Amino acid sequence: MSPNYHHLHHLAFDFELSTMSTPVNEPSSPPAGSDSDEVVENPLFDDPEADIILRSCDHCEFRVLKVYIVKVSPVLRDLIQSQSALNSHDTGTTATLPSIQLPDNGATLSSLLTFVLPMLPLPPSTIEQTMTLLSAGQKYQMGSVLSHIRTVLSSQDPPFVRPETAFQVYSLAQTYGLREEALQAAHSTLTFSFTLEDLEGELSTIPGVYIRELWKYHQSVRAHLAQDLAAFKTASVPHEEIGQPCNSCTPPWLGEYIDAIAETPALFNINEFHLFLSRHINHQHGQCGCANIPSKAMHNFWVALSNVVHGSMTKVSVEVFRRYHVTSYN
Amino acid sequence: MGGLQNGTSPACPQRASPLPDHLDMSDGDIVIQSCDLINFRVHKLVLSLSSPFFHDMLSLPQPSDEEAVEGLPVVRLPEDAEALNSLLTMLYPIPSVIPNSYDKYLMLLAALQKYDMVGIQSRIRKETQNRKFPTATGTAAFREYAIASCRGLTSERETSARLTLDFPMTFGYICDSLPFFENWALFDLIGFRKRCRDNLVLCFQSFLDLGNPPFNIWMSCMNLNPCQCSHSYGYGHGYHSCSCSCSSSSSQTQTGYSPTWLTSLFQQLLTDLNQAFTKPLPNPSSIREQYMSALQAHTKPSGIISCFTCAVVHAMNGETFCKELENRLEQAISKVGNFFTSRRNYWSLNIYPRYRYLCPNSHSFVTSSQLA
């Protein structure tokens, strides 16, 4: 990949290209009061064969092999090359290692390096730190490392992005420009009834401008759902799967449920589905064929409905991504 | 106005000019430049006397190579020319120029606060106390609240928060104002609305007990319409007085009567409060109108008086009754008034760590040091 000088310019404010070099065997312990407890202790961070030192903003040092860094980050590769060019004019630094001062803290760099170096990846424990890690990966254009981090995060139990964390993740993702996480979190907020009254506590962490974006996302999902579910209702799927058990008609509760999802996507879950059915059966005092719909038919219907709903949401995600790309290219 | 040249934003700084036209500012010894590059020639002494911020700033030694306009030092400020023009008129013995829109007025107050011009800020607030700005409608009310919140204008914040109660508060309604909100401001406004709703619910619930003073003015309805209820009894030519619970009657309590039309009104308002976010909240100033409509519908359903009792009670005590309703509703909302003062303390004490993390650079109350 060719050097990206645009990024060098862009990052000039963030990075300090260290023109001073560090003696080879200087100990790399972080100072008191830093995030040292979060910094992973690993021999690979103090490699005796290290040929570069990465310094964090809180004075942690990571002595690593340059090759790992330049292979995964074009931004850091360019920085290191610039550093080498500067050092080549300096004849008195042969016994020292080049160092790069980075704006990230020790905990973030430490976690990031576990994904870069051949070792067990250690994602951070808090949402804030995780988002900072992803942000660092994005800043250094570590595409493959970002995928690695995201894979590890998605396999966590409980998942990193879930309804309880959705609003905080969304806000941080917007702050750091992490589109993928923003979209995941936005999707996760669909389980909430999206009204100001209900979201009071959640909204305390999100600036208004991001809330507006999130609301627009919900609006878009609702609009797509309304359109797609209307088509689903008129299509033959519900009739085929469920039949006409309700006094020889398509059960009215099904239509009501489908309409309700279009209005409130949070209702799209199997419990709500069964709740609508139960209410209907109670209302009919059990004198209705809906009580005897075969479970296989119910399952097939649910699968068909899920496909439509997920299809709508995917359409919105694609639209949002396209919009982001258009915005970033313009 | 004198200092504002051509009223437009030029591409390059304008020559310093006196402020205003009829005030001799030729001996001004410093130039204030607005963000839209308009220059105002003013006096250092006047700035220093009116603002501790400028006093401190101007008492610092100036660099020898500082920029100059017509040989005078220049201070660049982030306010636009219109705001600076208003601000500077307040420093000289000339009529103050107060912005004609509430948004701009808030910006001016924020500037005065930022430059520690507390005395002038109080004066302007007093001057504008009886001034009627065009009433903010709809989404503008929410925007004004958001601006007042992020600028730390506590009193204006409360006023505009109160104004937002007259409008629905849904995402659809406030969408365009959302970018003006800092996260805690929206959170606070939701809390404020909920408290107002809760207080109003208690208030209307207390109104339902019309048998208690001072609401025990009502007497048994003498409805002149034939009663439709099955247990009515005749009175004169089909007219009757009844104490049943039909829509045109009243129910007797130990200490007085509760006309059903009135309790229905309060019940309806209570029901509406369930939708406190999708509908405007009942307003103390509109309760009289609602009361009158309900009374009219009861006493004169077809233009002819049919319930003399209620009409007479209203004629004798209606005004006092309405005032009492207004007062109680006003009190119910006013009780929530100090909500923002306490919230301000919360935020300034850094009690919400999540918020602090997310907005490390945001601050609701700008101080001189932050500005510097």
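Predicted model: local features only at pLDDT ≥ 70, side-chain atom pairs only at ≥ 80, totals over all residues.
**Helix crossing, chain contact and one aspartate**

Good morning. In this model, helices H7(A) and H9(A) are roughly perpendicular to each other.

Two packed helices are described by the angle between their axes and the distance between the axes. Here, the axes of helix H7 (residues 163–176) and helix H9 (residues 208–234) of chain A cross at roughly 110° and come within 10 Å. An angle of 65 to 115 degrees counts as roughly perpendicular. The crossing of H7(A) and H9(A) is right-handed.

Which residues of the two helices meet? From H7(A) there are A:Tyr170, A:Ser171 and A:Gln174, and they meet A:Tyr210, A:Glu213 and A:Leu214 of H9(A). In this contact, 3 residues are nonpolar, 2 are polar and 1 is charged.

I turn now to the two chains. Contact is made between 17 residues of chain A and 23 residues of chain B. On the chain B side, helix H9 (183–207) and helix H14 (353–358) each supply at least two residues. H9(B) gives the largest share, 6 residues.

Finally, let us consider B:Asp80, in the loop between strand E4 (72–76) and helix H3 (81–89) of chain B. B:Asp80 counts as partly exposed because it has 18 C-beta neighbours inside 10 Å. Apart from neighbours within four places in sequence, B:Asp80 is in contact with B:Ser34, B:Cys35 and B:Asp36. B:Ala297 lies 217 residues from B:Asp80 in sequence, and their C-alpha atoms are 54 Å apart in space.

Thank you for your attention.

Notes:
Residues numbered from 1 in each chain as written. Chains lettered and ligands numbered in written order. Axes fitted to C-alpha atoms, helices over the stretch in contact; angles between N-to-C directions. Helix = DSSP H or I, 4+ residues; strand = E, 2+ residues; numbered from the N terminus. Parallel < 35°, antiparallel > 145°, perpendicular 65-115°, else oblique. Left-handed = near helix turned anticlockwise from the far one by under 90°. Contact = placed C-beta atoms within 7 Å. Nonpolar A, V, L, I, M, F, W, Y, C, P; charged D, E, K, R; others polar. Buried ≥ 20, exposed ≤ 12 C-beta atoms within 10 Å, placed from the backbone.
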